[in-house]
Amino acid sequence: MALRKLEGLKAWHQYFSKNRLNVGDIPWGLKETLTQDERRCIGKSIAAFQLGEYSEGRSLFKFAQEYAARYDDEHLVEITQLFIREEQNHALLLKRFMGTHGMSLSTRNWTDTVFRRLRKNVGYELSVTVLITAEIIALVYYAALKECTASVVLGKICDKILADETAHVEYESEVLNCIRNAKPKLLRRAANLQHRILFFGTVLVVYREHRSVLKRGGYGLREFRSACWSEYRKAFGQKGCARITAQA
Ligand SMILES: [Fe+2]
Ligand SMILES: [Fe+2]
């Protein structure tokens, strides 16, 4: 695999270190009641996303450690730790909201299982590829979830997660763009094609599983696919390595 030392991670390390202190502007003290209709619309879907947000990140951390050791990188391991903590915080925010409203948590979900398996034993590049696929789609999902209820708290949780995920997608796309740009043309094309196949397959699965939220949020299948694709293009379109550069 054509992996290279990544330069320019210092700025991302500073970002993640600073963002650790940003708890979001969430008015937890507000007394709110969800209607039956709102609960029915978001219940199963939010439980699946809550489950998906929580991960110990062991595989990703191991891959990052291997990568960092191989290329003597001083920031990647700590960035990955901070990143995993942010994801766990997303799970905690959703869990707290669900607990406030007596909503059941999910302990098992087939899409979550598939995504966890896909990220295992594949190395750093593919692990990040699978991760960013879910995160790009999550950008559209959380925008839709925000529209599904009148809850101010849920709206603010979505805002916080969306702000974090926007940065995650930017960071990971820079990493992937650099790794891919360092490959020979044919391998780069193959990596891009493989990613697009995974991406569109995932878009269809997420739509099927979460259409109650997506429809209420204003996304039919066509709109959802097009919004997800637009986020994908933002991440991988014309942009090269904005801050991070790869060295042989
Ligand atoms: Fe997240
Ligand atoms: Fe994320």
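Analyst: This is a predicted model. A left-handed crossing takes H2 past H8.

User: Are H2 and H8 roughly parallel, roughly antiparallel, roughly perpendicular or oblique to each other?
Analyst: The axes of H2 and H8 come within 8 Å and cross at roughly 120 degrees. Angles from 65 to 115 degrees count as roughly perpendicular, and those over 145 as roughly antiparallel.

User: Which residues of H8 do Cys41, Ile42, Ser45 and Ala48 in H2 meet?
Analyst: Contact here requires C-beta atoms within 7 Å. On the H2 side the residues are Cys41, Ile42, Ser45 and Ala48. In H8 they meet Glu209, His210, Ser212, Val213 and Arg216.

User: Which residues is Leu145 in contact with, leaving aside its neighbours within four places in sequence?
Analyst: Leu145 is one of the four residues, with Ile137, Val140 and Tyr141, that touch the most other members of the largest nonpolar core. Ile42, which takes part in the contact of H2 with H8, is among the contacts of Leu145.

User: Where on H1 do its buried residues lie?
Analyst: Leu9, Trp12 and Phe16 are the buried residues of H1. Seen down the helix axis, they fall within an arc of 55 degrees, so they line one face of the helix. Gln14, Ser17 and Lys18 are exposed on the other side of H1. The buried residues therefore lie on one face of H1.

User: Which residues of H4 does H1 meet?
Analyst: The axes of H1 and H4 come within 9 Å and cross at roughly 30 degrees. With angles under 35 degrees counted as roughly parallel, that makes H1 roughly parallel to H4. H1 passes H4 in a left-handed crossing. From H1, Leu9, Trp12, His13, Phe16 and Ser17 meet Leu76, Glu78, Ile79, Leu82 and Phe83.

User: Are H3 and H4 roughly parallel or roughly antiparallel?
Analyst: Their axes, those of H3 and H4, come within 8 Å and cross at roughly 165 degrees, in a right-handed crossing. The contact is made by Leu60, Phe61, Ala64, Gln65, Tyr67 and Ala68 of H3 and by Leu76, Val77, Thr80, Gln81 and Ile84 of H4. Angles over 145 degrees count as roughly antiparallel. H3 and H4 are therefore roughly antiparallel.

User: How far apart in space are Ile84 and Gly57, C-alpha to C-alpha?
Analyst: Ile84 lies in helix H4 and is partly exposed, with 17 other C-beta atoms within 10 Å. Ile84 touches Ser55, Gly57, Leu60 and Phe61, not counting residues up to four places away in sequence. Ile84 and Gly57 are 27 residues apart in sequence, and their C-alpha separation is 6.1 Å.

User: Is Ile26 buried, exposed or partly exposed?
Analyst: Ile26 lies in the loop between H1 and H2. Leaving aside neighbours within four places in sequence, Ile26 is in contact with Val153, Lys156, Ile157 and Lys160. A buried residue needs 20 or more C-beta neighbours and an exposed one 12 or fewer. With 18 inside 10 Å, Ile26 counts as partly exposed.

User: Is Tyr171 buried or exposed?
Analyst: Tyr171 lies in helix H7. Tyr171 has 22 other C-beta atoms within 10 Å, and the cut-off for burial is 20 or more. Tyr171 is therefore buried.

User: Is Arg208 buried or exposed?
Analyst: Arg208 lies in helix H8. Arg208 and Leu221 are 13 residues apart in sequence and 8.8 Å apart in space, C-alpha to C-alpha. Arg208 has 11 C-beta neighbours inside 10 Å, and a residue with 12 or fewer counts as exposed. Arg208 is therefore exposed.

Note on methods. Residues numbered from 1 in each chain as written. Chains lettered and ligands numbered in written order. Predicted model: local features only at pLDDT ≥ 70, side-chain atom pairs only at ≥ 80, totals over all residues. Core = buried A, V, L, I, M, F, W, Y, C linked by C-beta atoms within 7 Å. Contact = placed C-beta atoms within 7 Å. Helix = DSSP H or I, 4+ residues; strand = E, 2+ residues; numbered from the N terminus. Arc of directions from axis to C-beta. Axes fitted to C-alpha atoms, helices over the stretch in contact; angles between N-to-C directions. Left-handed = near helix turned anticlockwise from the far one by under 90°.
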